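Please keep the structure in view while reading.

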Amino acid sequence: MRPATSLLLGSLSAALVAFALTSPRVIAADKVDPVADAKAFQNFFFQKFPDVKHEDFVNGPYSMNEDMKRQWQEKEEFPPYEFALDAGKEMFATPFKNGKTYADCFPNGGIGIRQNYPYFDTKEGKVVTLELALNRCREANGEAPYSYVKDEMASLTAYMAYTSRGKPMDIRIPDDPRALEAFENGKRYFYTRRGQMNFSCASCHVQSPGERIRAEILAPALGILNALPIYRSEWSGMGTTSRRFITCNSQTRALPLEPQADEYRDVEYFLSYVANGLPISGPGARP
Amino acid sequence: MTAHTGPHPTRRLILQGAASVALIGLGNLPFAPVRAAANDKYPEEVFKLKNEADAIKALYGKTAEPSDKVRLDAPEIAENGGVVPISVTTTLDKVTSISLFVAENPNALAASYKIAEGTMPAVANRLKMAKTSNVTAIVEADGKLYSATKEVKVTVGGCGG
Amino acid sequence: MKRSLPVAMLLALSFAPMARAANEADYKAAYAAAETASKEAAALRNQWTTTVSTLAAAKKAADGGDFDRAVAAAKEAEALAKASIFQATSEKEAWKAMEIR
Amino acid sequence: MTSSIRVRATSNGDITEVQTLIQHPMDTGLVKDAKGELIPAHYIQQLKFACNGKDVFVANWGTAVSKDPYVKFSFKGAKKGDDLKISWTDNKGGSDETTAKIA
């Protein structure tokens, strides 16, 4: 046998052995392993779309289709969320009746911190999202909470997202079994089929990103929350994370849960954690 | 025109031919007097017209000829009928007006821009489109009309609800 | 022609029992069954929007006195609710099949 | 109340590029609200740009212009620091205007 072929055969068998070892990791008795989940999740999309730059995934449908990307870039020159952004900045600076402002409720005065939300509150034992924290801040200062799906909440989160633009998503899971359970709940919600259409979030955003559902191109699940809140031409208005989850549910004919229900908080926790390292790109403009 | 196997197909074809000629004739009669392009007044009546040909005639009083000197940029598939980015540029000179028509909209004329002396003959804007339609850009240069047309597909998004 | 005969027969048969018009009692029974199933689906946090709208349609038809349509809608609502219950229970394990590992 | 007109006018060489975004519902009069009633037509009809006392660009708009309308054009004959006056009127007699410095 000529040396070259024996060399080839040798390396082939080595590769085969290596592959066998790293075949899908042996599932220990369903131990929750967010680090491995995040790695597998990101690799799935990096391999499925090798020519999409990693940080581009946060641009949703526009990372999947050139014609749509051109329309988006044209809109981004003077984006429709400009007004929500200005309104949010103004609201952030306007003191409550008791003289305090949002800056007093948040670390670093609420500037450049969006990438750490949602976080797991070990006192409460639950996930706390940015929208929930904002309403709790209002209530703590004697103000009425905003609707989770209307423009005021969207303006506030738009401004806070804007101050974090470009910072990598940085969600931490404390060493607390309840945090691991919240992560697992979020993962289960993400993969569970619901509604008369019998779709799960994964049916569209894992199995067929880049494909069309009528006029729209499906966004990849990786980094899908990084651009929120978004101005959707469909709504001709702003949409918070809550509004996005609720409309997705009703599209598959699943009755939406109440905004900031535990399931929504956990699925936001899961989706944000697996997008760690990808930049915040909110507020965004979408079809 | 489906091929007819019925009696006297030719007679029917002639009849239909005559009917359509009459229609065209009728089409431009009542609008000939309305000439609103030159002055600054808002062409209120033209924006009420349904049909594209009538609107072009009412606005400019003449017909346009397609020209490759007019470049119309519009998406192949609009991401959303409510916000369709459309832009027009042209290499023609002495341009005094640029207008955009969406044939299938309730009213054909969407926007009409007056280009002053020294203003570049180009405009970008975002239009609403009711459904898939031809979009036509009309450029008035040195008193003559030039046009470019492109089809933009429009449909709703989402999977159901 | 031969194949379609049994199909016609089947169709005729399925309508036979519905011969007499439904009355309010039939509607109440059908609606109650549909409502229990719908409540169970809601408790499982897996209600469908179509169950809710069909249940409402049944009530509306009944209010209008059209008990035939009301009973049909109530039956459909019950079927939808039961389907969503089945979906919730089967998905308890089935979701893992889709998980990215 | 901040103006409804956002404008960015930047000049390079002799050409000034102008981009404008206006906060306006641009209702067509053909859309129904949640209660099923028609929302009356409410849209900007004319938008004017004037510089150094001359109208450089006039937009006549119908109901087919998007909500929060956007328009971009460019013109010659102005320089950094000149004032660009932008004004609009809508079909209900509403109006707004603002003046921007060319950057």
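## A pair of packed helices in chain C

In this predicted model, helix H3(C) and helix H4(C) pack with their axes 8 Å apart and at an angle of about 160°. Angles over 145 degrees count as roughly antiparallel, and H3(C) and H4(C) are therefore roughly antiparallel to each other. The crossing of H3(C) and H4(C) is left-handed.

Which residues of H3(C) meet H4(C)? On the side of H3(C), they are C:Thr50, C:Thr51, C:Thr54, C:Leu55, C:Ala57, C:Ala58, C:Ala61 and C:Ala62. The residues that they meet in H4(C) include C:Phe67, C:Arg69, C:Glu76, C:Leu80 and C:Ser84, and among them are also the alanines C:Ala70, C:Ala73, C:Ala74, C:Ala77 and C:Ala81. By class, this contact of H3(C) with H4(C) has 12 nonpolar, four polar and two charged residues.

## Where chain C touches chain A

Chain C contributes 14 residues to its contact with chain A, and chain A contributes 21 residues. Helix H3 (49–63) and helix H4 (67–94) of chain C each supply at least two residues of the side of chain C that touches chain A. The largest share of that side comes from H3(C), with three residues. Sorted by class, the side of chain C that touches chain A has five nonpolar, five polar and four charged residues.

## Where chain B touches chain D

The contact between chain B and chain D takes 27 residues from chain B and 27 residues from chain D. On chain B, strand E5 (109–115) and strand E6 (122–127) each supply at least two residues of the side that touches chain D. How many residues of this side of chain B are nonpolar, polar and charged? The side has 16 nonpolar, seven polar and four charged residues.

Within E4(D), D:Trp61 stands opposite B:Ala111.

## Chain A as a whole

Chain A has 287 residues, of which 45% count as buried. Its secondary structure comprises 10 helices and seven strands. Among the contacts in chain A with a separation of 6 or more, 73% are between residues 24 or more positions apart.

Definitions and conventions:
Residues are numbered from 1 along each chain as its sequence is written. Chains are lettered from A and ligands numbered from 1 in the order in which they are written. This is a predicted model: local features need pLDDT of at least 70, side-chain atom pairs count only at pLDDT 80 or more; totals for chains, interfaces and linings use all residues. Two residues are in contact if their C-beta atoms, placed from the backbone, lie within 7 Å. Helices (H or I, at least four residues) and strands (E, at least two) are DSSP runs, numbered from the N terminus. Ala, Val, Leu, Ile, Met, Phe, Trp, Tyr, Cys and Pro count as nonpolar, Asp, Glu, Lys and Arg as charged, and the others, Gly among them, as polar. Two strands pair if DSSP finds at least two bridges between them. Axes are lines fitted to C-alpha atoms, for helices over the stretch in contact, and angles run from 0 to 180 degrees between N-to-C directions. Angles under 35 degrees count as roughly parallel, over 145 as roughly antiparallel, 65 to 115 as roughly perpendicular and the rest as oblique. A crossing is left-handed if the near helix is turned anticlockwise from the far one by less than a right angle, and right-handed if clockwise. A residue is buried if 20 or more other C-beta atoms lie within 10 Å of its own, exposed if 12 or fewer, and partly exposed in between; C-beta atoms are placed from the backbone.
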